[in-house]
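Please open the coordinates in a viewer and keep the selection panel at hand.

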Amino acid sequence: MDTQTNHAAQARSGRINFSGRGSEFFGIWIVNILLSILTLGIYSAWAKVRTMQYFYGHTQIDGHAFRYLATPMQILKGRLLAVGLFLLISVLTNLFPLVAIIAAIAFLFIMPWLLIMSVRFNLRMTSYRNVRFGFQGGYGDAMINFMLLPFLSMFTLYLALPWVLKRLDQYVFGHISYGGKTFVVNTSTSSYYRAALMALLVCVGLVGLAIVIAVALQFNAQDSDLKAAPWLFAPLMLAYLALLTLTGAVYQAIIRNHLFNATTLPELASFKSDVPVLKLFLVSLTNLLLIAVSLGLAYPFAKIRISRLLAEHTEVTVQPALDQLRDQLAAESSAFADDAAGLYDADFSLT
Amino acid sequence: MQPVTGTFYFAASSQCCAAQLQITKDLVQICQSADQQVVWQGTEFSQGADLPGLAQELRFSDGSYFIPADLSFRLSRRLLATQNASLATRLEQHKGVILLSVLLVPLLLWWLTMVGMPKLAVALVPWLPPAAVQAVDKQTLQLLDQTLLDPSKLSAQEQQQWRQQWLQAMQDLPESARVKVDIQFRHAEKLGPNAFALPAGTVVFTDQLVQLLHDKPDALLAVFLHEAGHVRHQHGLTLLVQSTATTVMFAMLFSDLEGLTETLLGTGSSLLQNNFSRQMESQADDFATSQLLQLGKATTGFIDAMQAIRQAAAGQDAQSIENWTRYLSSHPTSSERIEQAKAKQQAAAR
């Protein structure tokens with residue numbers, strides 16, 4: 001085989017190639033929503049699989065595309081379970097508010113498990129060069145990182161939050177495996193504090209700008225009283241969302257760059273991300289405006305734009321060893337394991 | 001047929017090679033381009049999704065697959081000599097269908113939220129087991145007693161007197177308007193003058209309201225009939241079922257959306273909810289004024305109650321109370337409601 005002759009082959013570096021197009025995805029998106037409505041939501045599982053396949057297929061590293069392996073039935077099963085759970089919770093909270101408090105506490109303990117199951121499912125259904133990804137995160141760590149530390153950070157007035165977010169990213173990305181190797185994440189706490197500080201400055205800046213505009217438009221406190229003018233609720237909500245998205249873009253750009261640069265897949269691959277903060281900010285801002293002006297119809301174009309931007313600014317270096325991997329997950333699975341996986345392998349989330 | 005060039009990915013391995021696909025009489029054969037060595041052959045294969053801008057892969061039973069280099073290559077069309085792409089693909093790429101979707105999706109979403117879901121809720125509510133509905137009342141009142149409400153400071157005698165008056169009025173109503181109610185009194189510093197109904201028929205009056213309208217028994221009766229209207233039309237449960245069903249629908253349809261759009265949809269639907277609850281308030285008002293007229297009383301009792309409550313509420317933050325429980329949520333403005341009651345009185349006088 002030709003791949004085995006490349007013993008002395010060099011590492012290959014290249015940008016991620018994203019070839020999805022807004023016009024194509026728009027058709028897929030809007031028709032799938034129509035079909036989902038007409039089938040009372042059932043088709044949404046097929047819609048999700050097609051959307052994922054479209055995005056994965058159009059994302060290539062080193063000339064090879066990703067593949068999404070989940071079947072619509074797996075997605076549908078997970079969704080029906082999630083809907084069932086949601087209905088159960090809403091029945092409980094509304095019919096028996098006292099029981100609901102106990103249920104809520106129980107849910108806090110189930111939540112990390114659900115998150116693990118969901119991450120694991122999504123990674124197992126992601127394949128690159130016929131080798132699937134895996135997730136080895138355990139329940140205890142998930143409980144600490146997803147639940148306990150975010151909760152405790154409240155008592156530090158969220159001063160510890162960047163550190164908590166660093167631990168969270170480290171937990172998730174540091175437990176992803178591919179071809180028998182596990183990703184190694186060497187992120188630094190100071191980078192997370194820097195990102196949080198930048199995001200905070202942008203947030204303060206935007207709020208200041210909003211106040212200046214409000215004063216310029218001569219809003220006075222009485223006019224903007226929510227009770228006197230409930231219609232003000234909508235633009236305020238929009239402004240709040242815009243603030244959240246734009247601040248998030250700044251944080252995301254900084255953290256993504258740092259996370260990618262600090263992460264390697266030992267002996268197989270390394271990564272580089274150089275997303276310009278201002279560029280992501282501007283693309284997020286224009287996306288937001290487009291979606292708002294088009295009443296949501298611009299969503300597919302916005303999603304394609306962001307995906308292309310992120311791909312353009314990501315470089316992956318692939319080592320020759322990656323050409324010779326065995327899929328550990330495929331090797332392990334017996335007929336029984338497949339059956340069991342069939343029972344439990346459902347994306348237990350609505351997202 | 002002509003050999004098709006592409007890439008063959010070996011089973012359970014990251015190995016791949018440039019290869020050629022050849023199909024002859026049901027036998028599929030894949031040869032490595034470099035040395036023509038056969039790397040796979042057999043009869044069984046399935047095809048991957050047919051998506052725009054992407055080659056359609058051929059999947060083999062052992063987990064290996066082949067991706068044609070030509071992105072537009074579609075095996076089925078070659079084999080069957082037809083333009084027979086999958087239905088989903090044809091719909092997604094059909095300009096007419098896309099245009100139709102752009103028009104139909106907003107229309108259908110609007111219809112579902114404004115008409116479909118409310119109708120579904122009204123149809124579902126009678127199927128809820130009465131025992132569960134009773135439990136709602138019991139548990140909700142228990143929860144409220146622990147948070148917002150204190151035991152009534154009205155004398156047992158006064159409570160009994162009001163209760164008797166109102167239940168008697170209920171007896172005098174036509175059969176179709178009668179509902180079983182359980183009248184409760186509570187002292188509520190935070191709620192102020194207020195009254196609310198729970199789904200199974202528990203009607204709670206605050207001491208503050210009774211004291212405020214002490215001299216106007218007809219006004220208190222009007223408030224009681226308004227709450228009885230909520231019970232009669234099963235407003236609490238309907239709104240509950242409707243909001244749950246709407247949430248599930250939006251979650252199923254737009255699960256792929258990220259935070260922003262999702263929140264926008266959420267905000268939109270909660271604004272709609274307020275709209276529905278305002279409609280329900282009007283319906284309960286209508287019930288109250290109609291029954292007042294039935295009892296041979298004027299709707300002025302209702303107007304008195306509205307005015308007194310409005311004056312008393314002016315001083316405090318009504319918004320925060322509304323957040324507490326859905327049964328107390330958004331009302332039409334009181335001037336609107338008073339106008340309605342006046343109009344009704346005039347219509348009855350003619």
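A salt bridge is here a side-chain nitrogen of Lys or Arg within 4 Å of a carboxyl oxygen of Asp or Glu. The model to which this is applied is a predicted one.

**Stop 1: a pair across the two chains**

Select R50(A) and E92(B). Their side chains form a salt bridge, with 2.7 Å from N to O. How many salt bridges does the rule find across the interface of chain B and chain A? The rule finds two there. Over all chains, the count by this rule comes to 14 salt bridges.

**Stop 2: the whole interface**

Next, colour the two chains separately and select the residues in contact. On the side of chain B there are 65 residues, which touch 64 residues of chain A. Between them the two chains bury about 5,600 Å², and 67% of this area is on carbon and sulfur atoms. The interface of chain B and chain A also holds 15 residue pairs in polar contact, with both residues at pLDDT 80 or more.

Now hide chain A and inspect the side of chain B that touches it. Several elements each supply at least two residues to this side, among them strand 2 (16-24), helix 2 (87-93), helix 8 (235-253) and helix 9 (259-294) of chain B. The largest share, nine residues, comes from helix 3 of chain B. By class, this side of chain B comprises 36 nonpolar, 21 polar and eight charged residues.

**Stop 3: helices 1 and 2 of chain A**

Return to chain A and select residues 22-38 (helix 1) and 44-57 (helix 2). The axes of these helices are 9 Å apart and the packing angle is about 170°. Angles over 145 degrees count as roughly antiparallel, and helix 1 and helix 2 of chain A are therefore roughly antiparallel to each other. Among the residues that meet here are F25(A) and I28(A) from helix 1, and R50(A) and Y54(A) from helix 2. The contact divides into five nonpolar, four polar and two charged residues.

**Stop 4: helices 4 and 5 of chain A**

Select residues 97-124 (helix 4) and 139-153 (helix 5) of chain A, whose axes come within 9 Å and cross at roughly 110°. Helix 4 and helix 5 of chain A are therefore roughly perpendicular to each other. Helix 4 brings residues including F109(A), W113(A) and I116(A), which meet a set in helix 5 that includes Y139(A), F146(A) and M147(A). This contact has 12 nonpolar residues, with no polar and no charged ones.

**Stop 5: a link within chain A**

Finally, select R15(A) and D274(A), whose side chains meet in a salt bridge at 3.1 Å, N to O. R15(A) lies in strand 1 of chain A and D274(A) in the loop between strand 11 and helix 9 of chain A, so the pair ties together parts that are 259 residues apart in sequence.

Technical notes:
Residues numbered from 1 in each chain as written. Chains lettered and ligands numbered in written order. Predicted model: local features only at pLDDT ≥ 70, side-chain atom pairs only at ≥ 80, totals over all residues. Heavy atoms only, no water. Axes fitted to C-alpha atoms, helices over the stretch in contact; angles between N-to-C directions. Helix = DSSP H or I, 4+ residues; strand = E, 2+ residues; numbered from the N terminus. Parallel < 35°, antiparallel > 145°, perpendicular 65-115°, else oblique. Contact = heavy atoms within 4.5 Å. Nonpolar A, V, L, I, M, F, W, Y, C, P; charged D, E, K, R; others polar. Buried area = accessible area lost by both parts, 1.4 Å probe. Polar contact = N/O pair within 3.5 Å; in protein donor to acceptor, adjacent residues only side chain to side chain.
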